[in-house]
Amino acid sequence: SDVEYGGQTVFPNSDRLTKDKSAELVERLGESPPSMEERRKSVKDAGLEEGSWEERLTMACYAKFAVPPRRGDAILFYSQRPDGQLDV
């Protein structure tokens with residue numbers, strides 16, 4: 001489904017997407033809420049308690065590469081390292 005923000009698939013080992021890194025991808029996917037104020041608002045809107053593990057996890061996720069949900073898009077995962085070995 002299409003959402004304003006939230007519901008992203010987060011890749012915790014990759015840096016957050018920025019226009020400096022790839023303006024084309026940012027244009028297509030958008031950026032995570034750019035300001036700390038918007039991040040805090042999303043936490044509050046979700047009803048998460050300030051200082052909770054859920055809040056910390058949410059803030060950490062916004063700091064990494066995240067792909068928002070979009071109707072008709074899919075993400076395919078390969079559990080394989082670049083050298084061909086299985087990533088188990």
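The model is predicted, so local features need pLDDT of at least 70 and side-chain atom pairs count only at pLDDT 80 or more, while totals for chains, interfaces and linings use all residues. Residues are numbered from 1 along each chain as its sequence is written, and side-chain values use heavy atoms, with hydrogens and water left out.

**View 1. The buried face of helix α3.** Helices (H or I, at least four residues) and strands (E, at least two) are DSSP runs, numbered from the N terminus. Buried means under 20% relative accessible area, exposed over 50%, and partly exposed in between (1.4 Å probe, protein chains only). Glu55, Met59 and Tyr62 are the buried residues shown in α3. Seen down the helix axis, they fall within an arc of 60°, so they line one face of α3. The arc is that of the directions from the helix axis to the C-beta atoms. Among the elements covering these buried residues are α2 and β2. Trp53 and Arg56 are exposed on the other side of α3.

**View 2. The two sides of helix α2.** Arg39, Ser42 and Val43 are buried in α2. They lie on the same side of the helix because they cover an arc of only 100° around its axis. The buried residues of α2 pack against α3. On the other side of α2, Glu37, Lys44 and Asp45 are exposed. Gly47 follows α2 and has a positive phi, near 80°.

View 3. Ser52 sits in the loop between α2 (36-45) and α3 (53-62). Its relative accessible area is 12%, so Ser52 is buried. A polar contact is a pair of N or O atoms within 3.5 Å; within protein, one must be able to donate a hydrogen and the other to accept it, and residues adjacent in sequence count only if both atoms are side-chain atoms. The side chain of Ser52 makes such a contact with the side chain of Glu54, at 3.1 Å. A polar atom of the Ser52 side chain also lies 3.1 Å from the backbone nitrogen of Glu55. Trp53 belongs to helix α3 and counts as exposed because its relative accessibility is 56%. The side chains of Trp53 and Glu54 make a polar contact at 3.3 Å.

View 4. A salt bridge is a side-chain nitrogen of Lys or Arg within 4 Å of a carboxyl oxygen of Asp or Glu. By this rule the model has 4 salt bridges. One of them joins Glu55 and Arg40, whose closest N and O atoms are 3.9 Å apart. Glu55 lies in helix α3 and Arg40 in helix α2, so the pair ties together parts that are 15 residues apart in sequence. Glu55 is buried, at 10% relative accessibility, whereas Arg40 is partly exposed, at 46%.

View 5. Asp73 forms a salt bridge with Arg70, with 3.1 Å between the closest N and O atoms. Asp73 is partly exposed at 38% relative accessibility, and Arg70 is partly exposed at 31%. The side chains of Asp87 and Arg81 meet in a salt bridge at 3.9 Å, N to O. Arg81 has a relative accessible area of 44% and is partly exposed; Asp87, with 44% relative accessibility, also counts as partly exposed.

View 6. Rings of Phe, Tyr and Trp (its six-membered ring) pair if their centres lie within 6.5 Å; planes under 30 degrees apart count as stacked, over 60 as edge-to-face and the rest as tilted. The count is 1 aromatic pair. Phe11 and Phe65 form this tilted pair, 5.6 Å centre to centre with 35° between the planes. The pair links distant parts of the chain, with Phe11 in strand β1 (residues 9-15) and Phe65 in strand β2, 54 residues apart. Phe11 is partly exposed at 24% relative accessible area, and Phe65 is buried at 18%. A nonpolar core is a set of buried Ala, Val, Leu, Ile, Met, Phe, Trp, Tyr and Cys residues joined through side-chain atoms within 4.5 Å. Phe65 belongs to the largest such core, which has 5 residues and also includes Leu17, Val26, Leu29 and Val67. The elements giving two or more residues to this core are α1 (23-29) and β2 (64-67).

Technical notes:
Contact = heavy atoms within 4.5 Å.
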